[in-house]
Amino acid sequence: GAPTKQIDNVLRTKKIRALKQYLDSNPGSCPMSVPVTGRVEGKPWKQALDFTEAASLMRHLGTAAFIVMSYLTGMRPQEVLGLRTGCCPDPDSGQHLINGHIYKTATDENGNHRSEGELRDVPWVAITPVVNAIRVLERIVDDGALLFDGTSHDFINRRKFTGSVTFSAWRERIEDFAAWASGLATDLGRPHETVPSDPHGAIGTERFRRTLAWHIARRPGGLVALAIQYGHLRTAISGGYASRSRDGIHDLLDIETARATADTLATLHDDLAEGVGISGPAARRAIHAASHGPTFAGTILSARAARDLLENPSLAIHDNPKAYLMCVYNQEKALCHRLAGQQKAPSLDRCQPTCANITRTDHHAAQLTALADVLEKQAGALTPAPMGKRLQARAERLRALAENHHRGRLTLAEASA
Ligand code: SF4
């Protein structure tokens, strides 16, 4: 109950040395009566939140919100920093939309740049984690303020600022957040979730949207939840409102999708030249497409070049490592869209094993056999019988696919004969 000024006076007097000595010899925590609701694998991520760490945790919370919004919307950093409270109202139905501002191309009637920006006529689509991040920020800043208002987010030093937290400050905050998250992962016994150091230097603010586009274009094999999330994001940010605009993330998406296709074509071209066999109903179409592989290697530098490749239906090859195949996409034959209707791109996460767009190489067959070996080992004596039977049945299906490949495989020389 002592007034702050009185404490301040005590700290300024020579008693301070005694106080420091007392603190050093009596270290202790100061847990706050705030419930810990966040969980990792069902357990609270922390026993209690300590008063002494509250300011730095708030700083990391603001950074986490910035990362979530930059990464999962595809917005430019300056657009994220220009958002205000109320930018993402709860809709009566359908998707949440974010009404942002654009700055780069904002000009007045005389052609002068408007530094305050102008309302973007195409809103951004927000998926749930982004909406949650905005709701957290709306509790941190005042009503009507910028979501990343500099003064409100300076939890540690409590200085006064005009405008949002600056780019240079974000660079430092993101590095601090990565270090903190890595420390937490280690403390929780999850060293595989630490953030590895980056040979290209600090993460910065610009990389998130490009990384999003890269992931959407390539869908990491094996991470099913992520693949579904990225598939959903592609639909969300490419469909509806957002598709009316070709700017921003759409160009990045085109470039990364075209690069992924060019990589697949080039790899297939090299494999076939080395005598690798190919099978499946779409094998001959794949051989034809791969013959164009060298033309596109390293040439996708602009959105225009990307669209030239993507608009050529005979080159539409998509690697699908999760299903151990390649999809030589032909809209008319696609089985993944039977219910969803015709689409310009395949839904790799809904791939159907009887589709006429499937092709496999010797590499896919080898991966199928290797996985079947692993499953058969797991189906051994230690596994309960029903689960063992399921694993055995899956191994047999995979082996049958590999055998089918070997029965119907063609090499480049055989196909051209
Ligand atoms: S079902 Fe599979 S192979 Fe067929 S179009 Fe869809 S993703 Fe491609």
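**Entry 1. The second largest pocket**

I looked up the second largest pocket of this predicted model and found a lining of 44 residues. Nearest the centre of this pocket lie His60, Ala64, Phe177, Trp180 and Ala181. I noted a volume of about 1,400 Å³ for the second largest pocket.

Which element gives the largest share of this lining? I found that α6 does, with 8 residues. I then listed the elements that supply at least two lining residues each: β1 (39-40), α3 (54-73), α5 (128-140), α6 (167-187) and α7 (207-218).

By class, I wrote down 27 nonpolar, 8 polar and 9 charged residues for the lining of the second largest pocket.

**Entry 2. The cavity and the ligand**

How many cavities of 30 Å³ or more does the structure hold? I found 1. The volume of the largest cavity is about 80 Å³. I counted 13 residues in the lining of the largest cavity, and Cys327, Cys336, Pro346, Cys351 and Cys355 are the closest to its centre.

I next checked where the ligand sits, and the space it takes is the largest cavity.

I looked up the classes for both sets. For the lining of the largest cavity I recorded 10 nonpolar, 3 polar and no charged residues.

**Entry 3. Salt bridges**

I looked up the salt bridges, and the count is 15.

Is aspartate 154 buried or exposed? Its relative accessible area is 8%, so I noted aspartate 154 as buried. Arginine 159 has 43% relative accessibility and therefore counts as partly exposed.

I then took arginine 307 and aspartate 254, a salt bridge in which the closest N and O atoms are 3.3 Å apart. Arginine 307 belongs to helix α12 (residues 303-310) and aspartate 254 to helix α9 (residues 249-273), so this pair ties together parts that lie 53 residues apart in sequence. Arginine 307 counts as partly exposed because its relative accessibility is 27%. Aspartate 254 counts as buried because its relative accessibility is 14%, and the cut-off for buried is under 20%.

My next pair was arginine 399 and glutamate 376, a salt bridge whose closest N and O atoms are 2.7 Å apart. This pair links distant parts of the chain, with arginine 399 in helix α14 (residues 385-408) and glutamate 376 in helix α13 (residues 362-378), 23 residues apart. I noted arginine 399 as partly exposed because its relative accessible area is 22%. Glutamate 376 is partly exposed as well, with a relative accessible area of 28%.

I also found a network: salt bridges that share partners join Glu41, Arg190 and Glu193.

**Entry 4. Positive phi values**

Glutamate 41 is not a glycine, yet its phi is positive, at about 50°. Where does glutamate 41 lie? I located glutamate 41 in the loop between β1 and β2 (43-44). Its relative accessible area is 65%, so glutamate 41 is exposed.

I located tyrosine 324 in the loop between β8 (317-320) and β9 (325-328).

**Entry 5. Histidine 292**

Histidine 292 is in the loop between α10 (283-290) and α11 (293-296). With 31% relative accessibility, histidine 292 counts as partly exposed. How far apart in space are histidine 292 and leucine 265? I noted 7.3 Å from C-alpha to C-alpha, for two residues that are 27 apart in sequence.

Notes:
Residues are numbered from 1 along each chain as its sequence is written. This is a predicted model: local features need pLDDT of at least 70, side-chain atom pairs count only at pLDDT 80 or more; totals for chains, interfaces and linings use all residues. Side-chain values use heavy atoms; hydrogens and water are left out. On a 1 Å grid over the protein atoms alone, a cavity is a set of points where a 1.4 Å probe fits but cannot get out, and a pocket is an open set with protein on both sides within 12 Å along at least five of seven lines; lining residues have an atom within 4 Å of a point. A molecule sits in a cavity or pocket if more than half of its atoms lie within 2 Å of its grid points. Grid points are joined across faces, edges and corners, and a volume is the space filled by probe spheres set on the points. Helices (H or I, at least four residues) and strands (E, at least two) are DSSP runs, numbered from the N terminus. Ala, Val, Leu, Ile, Met, Phe, Trp, Tyr, Cys and Pro count as nonpolar, Asp, Glu, Lys and Arg as charged, and the others, Gly among them, as polar. A salt bridge is a side-chain nitrogen of Lys or Arg within 4 Å of a carboxyl oxygen of Asp or Glu. Buried means under 20% relative accessible area, exposed over 50%, partly exposed in between (1.4 Å probe, protein chains only).
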